[in-house]
Amino acid sequence: MHRNDPSRMNPPNKTSFVGRSMPRREDHRLLTGRGQFIADLDLPQMLHAAFVRSPVAHARIRGVDLSRAAVAPGVACVLSGADLLALLPPVPDTQLSLPSKWTTLVQHKFINPQQPLLAHDKVRHVGEAVAVIVAHSRYAAEDAAQLVTLDLDPLPVVVDPELALRPGAPIIHDKFQTNLIGAFTIGKGDIAAAFARSPHKLQRRFHHHRYAAAPMECRGVVGVHDPRTDCVTIWSATQVVHWVRREAAAVLQLPEARIRCVALDVGGGFGLKGHVYPEDLLIPFLARRLERPVQWIEDRREHLMCSCHSRDQMHDVEVGFDDEGRILALRDHFIVDCGAWNPIGAGVVYNTAVHLLGPYKIDAVAIDARIAATNKVPNAPYRGAGRPEAAFAMERIVDLVAGELGLEPAEVRLRNMIRADEMPYRVGMPYRDGEPIVYDGGDYPRALRQALDAIGGVAAFRQRQRAARHEGRYLGLGIGCYVEGTGVGPFESAMVRIDPSGKIFVSSGACPQGQGMETIFAQVVADAWCVDPADVVMSLADTAAIAIGFGTIASRSTVTLSAAIHGASERLRAKVFAIAANLLECAAGDLELRKDGVGIVGVPGAQVSLAAVARAARPGWDHGRPPGIDAGLEETYYYEPPTVTWSYAAHVAAVDVDIELGQVNIEKYIIAHDCGVVVNPMLVEGQIVGGAAQGIGGALLEEFNYDPEGQLLAGSFMDYMVPTACDIPDMQLIHQHSPSPLNPLGVKGVGEGGPIAPPAVIANAVSDALRSFALEFNRTPIKPQIILQAVRSASQPR
């Protein structure tokens, strides 16, 4: 990996930790085998759960015979969906609520079927759980699960979202009598007039296929009940501990104060672990019922057929443009296949709609979205969460516009891009928080030009492309640009406390899954308090450490938690200065923070340590607090962002397509990226490169297919191909820095950006390489057999 500006790695101001590439403090325990994951928990007298899952995609449940399983060796408990229905109240609505501002602005209709903890009326996809077995060992539980007999009455199956929306299609949720479980329309301008005055028009269909996060660690839950206090502790490999606690409290009918949820070291989440699953609620229920710890660890086969998939969108796009390639009108009708359930509701789908325009200025837009239920695994966010689908449709359209006019795709982009002098730019549509979309800063054309320059320039590439063609090689240039709304609300929390040792303790509802949060937020805190990051103690992903929190999804934690830390620190600093002023016998306005303490401005040596201030803040007879100052040194702040910040990037790739083998070799990959102020450049680069690798995997390799009966055709990593190091090119990163005015640090989110552009980049590059065959690649993945079939069916190259 190459970097364009090494000086930014270690800025000259050595007193600032924000901006430095500091090694991750988490890595010592993780690399020495001292990390603790959910499967590492081994509690006394712990029982183990296994689920009986449906072998068919759609059927009415006539009976579940658990009699043989109940008497199997080591079995402690067996429950069917019908049994559970008699024991527990209905599952609460676990979807994210829509802000009232949004609901008043956007024409919409959503149906929210609630997934039961165990299916009891009918099964709706292969792998849906119908019963649970709890035994003394996992082996005993799984052996007993094999003894369960299911009486299932098969129903017609639908796995095509378009067919699911047609009259007469099999209905997934009978009570609604429709498979259309969500729809909305948004737009701006006079779309009919814009198309009427467009001298050129074209239409295309784009399909962004179904794939998923596939983190190294699958899901898992452990529940423990304390009968003395009737308290429950839940350990879950989740991104949202407070959300899990809230839903568990509702199901168990306990106060939230009696439930603690903790996420240990989590081996990747990428959005897949960003909502509450049935197992998160059922396992603690079983632990409380049996009064013994219960553990469930998902295996890879379960993960692929039960944990949420993502993407799977079909876009019908029409564009109107002038002779110069400027886009005058854009219309998009798209369908999302949400599978059997829709855990997140409107989140992913609306993300797609509002990110469709990308960095381009288009005055007339009409977008119509529909969500279709089918007999597949539920669809939920995976890194990018609706944005890769939007970028794929938009960036392919821009290339097609260029091809129609015989122009360079890069030039068409530059002609349509919002300029730096137009920032902040009002898009004219609401974001999913209900606020107007306003791009808060950046230079989109500069990012694209920098990426093109790094690849050697378009003219030089075309010359090399022509030379390669004479040698029988097919080179292609692919471009993908995007914008990304980051740091979305509703809030995030931070509690900052100064310990009597002088160390700074910080807790939050944010939940790391490998991003390096303990490191970057220690850097933020260190700058806020003039201490070393080693003197900052971070407590994340534990509801016992802070009462209210949101979690880590949607490229939000760097923005929201850094601002919450800032707010709590500002409040606490006033109290620290008041106590320090009392100890130093001066006015609080004469004080400043210094390394490890508070001192009088302009008076060297006149200072008091933070430890001394903390001791003075203790309650008791001989405290050092001035009158009117309460005991204790801690403050909690809930940051509620006014709206999102906007990151952006331009990705450019050069590929070599082997038409004999259908292989795509990525020769060079450039990313020009802007996420505002960079807290830790090394970790930002890791986020970008890792995300881009996932995007390349989605473009070329990963795919979930179903047969007509709803059977998943990729049940292991033998069939579901994830990229290896050999598949990922060396990447050159170019950093731009446009600080956001919307938060104290000027940061923007970066976690989800990497995967957004690669599918569009690869499709554009392969289409460019094979343009002599008049081929277009408008659906993913672009696998070797797809390329071979396309080349063989095309006319001879021109």
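**Close-up 1. Lining of the largest cavity in the predicted model.** By class, this lining holds 18 nonpolar, 8 polar and 4 charged residues, where Ala, Val, Leu, Ile, Met, Phe, Trp, Tyr, Cys and Pro count as nonpolar, Asp, Glu, Lys and Arg as charged, and the others, Gly among them, as polar. The largest cavity is lined by 30 residues, and Q115, P116, V276, Y277 and P278 are those that lie nearest its centre. Its volume is about 340 Å³, a volume being the space filled by probe spheres set on grid points that are joined across faces, edges and corners. On a 1 Å grid over the protein atoms alone, a cavity is a set of points where a 1.4 Å probe fits but cannot get out, whereas a pocket is an open set with protein on both sides within 12 Å along at least five of seven lines, and lining residues have an atom within 4 Å of a point. Helix α9 (278-290) and strand β2 each supply at least two residues of this lining, with α9 giving the most, 4 residues; helices (H or I, at least four residues) and strands (E, at least two) are DSSP runs numbered from the N terminus. Across the whole structure, the search finds 7 cavities of 30 Å³ or more.

The model is predicted, so that local features need pLDDT of at least 70 and side-chain atom pairs count only at pLDDT 80 or more, while totals for chains, interfaces and linings use all residues. Residues are numbered from 1 along each chain as its sequence is written, and side-chain values use heavy atoms, with hydrogens and water left out.

**Close-up 2. The second largest pocket.** About 570 Å³ of space lies in this pocket, and of the 25 residues that line it, F51, R53, Q146, R301 and M305 lie nearest its centre. Two or more lining residues come from each of β2 (47-53), α5 (138-145), β14 (294-297) and α10 (300-306), and the largest share, 5 residues, comes from β2. The lining comprises 14 nonpolar, 5 polar and 6 charged residues.

**Close-up 3. Packing of helices α12 and α20.** Helix α12 (residues 387-405) packs against helix α20 (residues 758-769) at an angle of about 30°, with their axes 8 Å apart; axes are lines fitted to C-alpha atoms, for helices over the stretch in contact, and angles run from 0 to 180 degrees between N-to-C directions. The two helices are therefore roughly parallel, a term for angles under 35 degrees. The contact (heavy atoms within 4.5 Å) is made by A391, F392, E395, R396 and D399 of α12 and by P759, A760, A763, N764 and S767 of α20. By class, this contact has 5 nonpolar, 2 polar and 3 charged residues.

Definitions and conventions. Angles under 35 degrees count as roughly parallel, over 145 as roughly antiparallel, 65 to 115 as roughly perpendicular and the rest as oblique.
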